[in-house]
Amino acid sequence: MYNTPVESGGNNLKNQLFKIFDKTFLKFIVVGIINTLFGMAIMFSSFFILDYYQWFSYDINYWTSSALNYLCGSILSYFLNKKYTFEVKETSKESVIRFAINVSICYFLAYGVAKPLALYLFQGVEEQLQGYIALVIGMGLFVLLNYVGQRFWAFKQDEAIESDKEIIEKNTF
């Protein structure tokens with residue numbers, strides 16, 4: 001008999017989602033929790049300090065505090081995700097470059113969208129609170145974009161190289 005679109009498409013979509021959100025995603029979330037706590041401490045404390053002492057404008061405080069978060073957090077994230085999440089044994093210059101490009105794109109995209117979105121959605125709220133809300137929105141967007149970028153691009157080639165090496169080692173006497 002013929003399959004209905006829901007039966008045939010639903011199973012394929014379900015299988016594709018399970019391939020994307022598998023144990024690797026759970027490991028990414030654990031690393032992300034550790035990294036988030038580390039990054040939030042840096043980001044919110046620097047935002048508070050910069051804003052409290054009013055050394056710079058609101059915009060510079062926003063971008064500086066979120067940038068410090070992702071600079072420090074990205075270094076921790078690279079090593080934890082490389083070793084634990086994606087189980088990549090070797091470090092290649094290409095994976096470091098892909099990782100840095102991925103984080104940069106995700107950062108500017110997430111926080112570039114988050115700030116105007118928070119300003120629009122929370123128009124009647126105090127500017128400082130809007131900044132904190134924008135930082136939280138940016139974090140959420142960044143996590144989603146970053147996972148996809150790391151899983152399917154930044155560490156993808158290294159995973160393929162590792163798989164090829166394991167096959168060669170198994171077939172070598």
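A residue counts as buried when its relative accessible area is under 20%. The legends below describe close-up views of a predicted model.

**Figure 1**
Leaving aside residues up to four places away in sequence, Ser46 touches Ser65 and Leu68. Tyr62 stands 16 residues from Ser46 along the chain, and the C-alpha atoms of these two residues are separated by 9.3 Å.

**Figure 2. The protein chain is built from helices.**
The chain has six helices and zero strands. Read from the N terminus, the order of elements is α-α-α-α-α-α. The protein chain holds 173 residues, of which 34% count as buried. Among contacts in the chain with a separation of 6 or more, 77% join residues 24 or more positions apart.

**Figure 3. Helices H2 and H3 pack against each other.**
Two packed helices are described by the angle between their axes and the distance between the axes. For H2 and H3 the angle is about 155° and the axes are 8 Å apart. Angles over 145 degrees count as roughly antiparallel, and H2 and H3 are therefore roughly antiparallel to each other. Their crossing is right-handed. Sorted by class, the contact of H2 with H3 has 16 nonpolar, 13 polar and two charged residues.

**Figure 4. Gln54 sits in the loop between H2 and H3.**
Is Gln54 buried or exposed? Gln54 is exposed, with a relative accessible area of 65%; the exposed class begins over 50%. The phi angle of Gln54 is near 50°, which is a positive value in a residue other than glycine.

**Figure 5. Helices H3 and H4 cross at roughly 150°.**
The axes of H3 and H4 come within 11 Å. H3 and H4 are therefore roughly antiparallel to each other. H3 passes H4 in a right-handed crossing. On the H3 side, the residues that make the contact include Tyr58, Tyr62, Trp63, Tyr70 and Tyr78. On the H4 side they include Phe99, Val103, Tyr107, Phe108 and Tyr111. The residues of the contact of H3 with H4 divide into 13 nonpolar, six polar and two charged.

**Figure 6. Glu87 sits in the loop between H3 and H4.**
The relative accessibility of Glu87 is 42%, so Glu87 counts as partly exposed. Phi of Glu87 is near 50°, a positive value in a residue that is not glycine.

**Figure 7. Helices H4 and H5 cross at roughly 150°.**
The axes of H4 and H5 come within 7 Å. With that crossing angle, H4 and H5 are therefore roughly antiparallel to each other. The crossing of H4 and H5 is right-handed. By class, 23 nonpolar, seven polar and two charged residues form the contact of H4 with H5.

**Figure 8. Ile133 is a buried residue of helix H5.**
The relative accessibility of Ile133 is 19%, and because the buried class lies under 20%, Ile133 counts as buried. Ile133 touches Ala118 and Phe122, not counting residues up to four places away in sequence. Ile133 and Leu119 are 14 residues apart along the chain, with 9.0 Å between their C-alpha atoms.

**Figure 9. The largest nonpolar core has 27 residues.**
In soluble globular proteins, nonpolar side chains tend to be buried together. Which members of this core touch the most other members? They are Tyr62, Tyr111, Leu135, Phe142 and Phe155. The elements that give two or more residues to this core are helix H2 (23-53), helix H3 (58-85), helix H4 (93-121) and helix H5 (127-154). H4 gives the most to this core, with eight residues.

**Figure 10. Leu135 is shown with the residues around Leu135.**
Leu135 is one of the core members that touch the most other members. Setting aside residues up to four places away in sequence, Leu135 touches Met43, Phe44, Phe47, Tyr62, Ser65, Ser66 and Tyr111.

Methods:
Residues are numbered from 1 along each chain as its sequence is written. This is a predicted model: local features need pLDDT of at least 70, side-chain atom pairs count only at pLDDT 80 or more; totals for chains, interfaces and linings use all residues. Side-chain values use heavy atoms; hydrogens and water are left out. A nonpolar core is a set of buried Ala, Val, Leu, Ile, Met, Phe, Trp, Tyr and Cys residues joined through side-chain atoms within 4.5 Å. Buried means under 20% relative accessible area, exposed over 50%, partly exposed in between (1.4 Å probe, protein chains only). Helices (H or I, at least four residues) and strands (E, at least two) are DSSP runs, numbered from the N terminus. Contact means heavy atoms within 4.5 Å. Axes are lines fitted to C-alpha atoms, for helices over the stretch in contact, and angles run from 0 to 180 degrees between N-to-C directions. Angles under 35 degrees count as roughly parallel, over 145 as roughly antiparallel, 65 to 115 as roughly perpendicular and the rest as oblique. A crossing is left-handed if the near helix is turned anticlockwise from the far one by less than a right angle, and right-handed if clockwise. Ala, Val, Leu, Ile, Met, Phe, Trp, Tyr, Cys and Pro count as nonpolar, Asp, Glu, Lys and Arg as charged, and the others, Gly among them, as polar.
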